[in-house]
Amino acid sequence: MSNKHIKNIKKTLLSDNYYILNKVTFDYLMKSGEWVNQMREVYDRGDGAGILLYNTKKKTVILTKQFRMPTFLNDNKDGFLVEVAAGMLDKDNPEACIIRETEEEVGYRLKEVKKIYEAYSSPGVMTEKMHFFVGEYTDDMKVSDGGGLDSEAEDIDVLEIPFDKAVDMLHNGKIVDTRTIVLLQYAIIHKLLE
Ligand SMILES: Nc1nc2c(ncn2[C@@H]2O[C@H](COP(=O)(O)OP(=O)(O)O[C@H]3O[C@H](CO)[C@@H](O)[C@H](O)[C@@H]3O)[C@@H](O)[C@H]2O)c(=O)[nH]1
Ligand SMILES: [Mg+2]
């Protein structure tokens, strides 16, 4: 972390109730040559990973459906969101995380995944970097019903749907999760299911 355009970075903890919210003040060198003091609230909940699971024979994908309170508070009528399987890295590397999350959330045990992108989720407010994966699944990889961890009160529906239906949902506004949109578009562009 070095940048000659910033100095005097100071962090004040506002909340560590569950994850970390800091108030960060710093001096920033404008293009004009003037130093200005700025403040940002920065939420740190670690990094995450998400995966589009696809089956080339059946031409299907696996998505999840779960309640997301922040979306309920902002315009998502019933608060349920259709998403790719995803989770937070915790202490794992991204590959290990997404293999673990795939089994927990949708019940498939993957051997291989392919990393396609890394991107910041919401760069103005969050530190979170998201690792994007795609992975091929077959029926024989199914080891459980998935659904998420009871210990974390996860209550996840597993949706195995035709890829064409997922693309329709993308185009008619039924899929409104950025990662899911990015991954479905990747599948379209790279003809993953053809
Ligand atoms: N008590 C409590 N529990 C929480 C809180 N925030 C999260 N949790 C618990 O932590 C679990 C995290 O589950 P994961 O599957 O690891 O993460 P995720 O919520 O699916 O997050 C994924 O999607 C997010 C939204 O796009 C991403 O931000 C994240 O990086 C990750 O990819 C949640 O199910 C929930 O039980 C909180 O504020 N309080
Ligand atoms: Mg999850």
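Which residues does UniProt list for "binding site"? The unreviewed entry lists A86, E101, E105 and E154; UniProt positions are given in the numbering used here, feature names are shortened, and annotations may be inferred rather than shown by experiment. These residues are spread over 69 residues of sequence but cluster in space, with a largest C-alpha distance of 12.4 Å.

The structure is a predicted model, in which local features need pLDDT of at least 70, side-chain atom pairs count only at pLDDT 80 or more, and totals for chains, interfaces and linings use all residues. Residues are numbered from 1 along each chain as its sequence is written, while chains are lettered from A and ligands numbered from 1 in the order in which they are written.

Two of the listed residues can be followed in more detail. E101 lies in helix α2, residues 94-106; helices (H or I, at least four residues) and strands (E, at least two) are DSSP runs, numbered from the N terminus. E101 counts as buried because it has 26 C-beta neighbours inside 10 Å. A residue is buried if 20 or more other C-beta atoms lie within 10 Å of its own, exposed if 12 or fewer, and partly exposed in between, with C-beta atoms placed from the backbone. Not counting residues up to four places away in sequence, E101 touches A49, A85, A86 and G87; contact means that the C-beta atoms, placed from the backbone, lie within 7 Å.

E154 is found in the loop between β9 (129-136) and β10 (157-162). E154 has 16 other C-beta atoms within 10 Å, so it is partly exposed. Its contacts, leaving aside neighbours within four places in sequence, are G148 and L149.

Both residues also belong to the surroundings of ligand 1, which include A86, E101 and E154 along with Y18, G48 and S121; a residue is near a molecule if its C-beta atom, placed from the backbone, lies within 6 Å of it. Strands β4 (48-55) and β7 (85-88) each supply at least two residues of this shell, and β7 gives the most, with three residues.

Elsewhere, three strands form an open antiparallel sheet in the order β1-β2-β3, where pairing requires that DSSP finds at least two bridges between two strands. Strand β2 (residues 20-29) pairs with β3 over 10 bridges in the antiparallel sense, and L29 stands opposite W35 in β3. Strands of a sheet pair through backbone hydrogen bonds, either parallel or antiparallel.

How values were computed:
Two residues are in contact if their C-beta atoms, placed from the backbone, lie within 7 Å.
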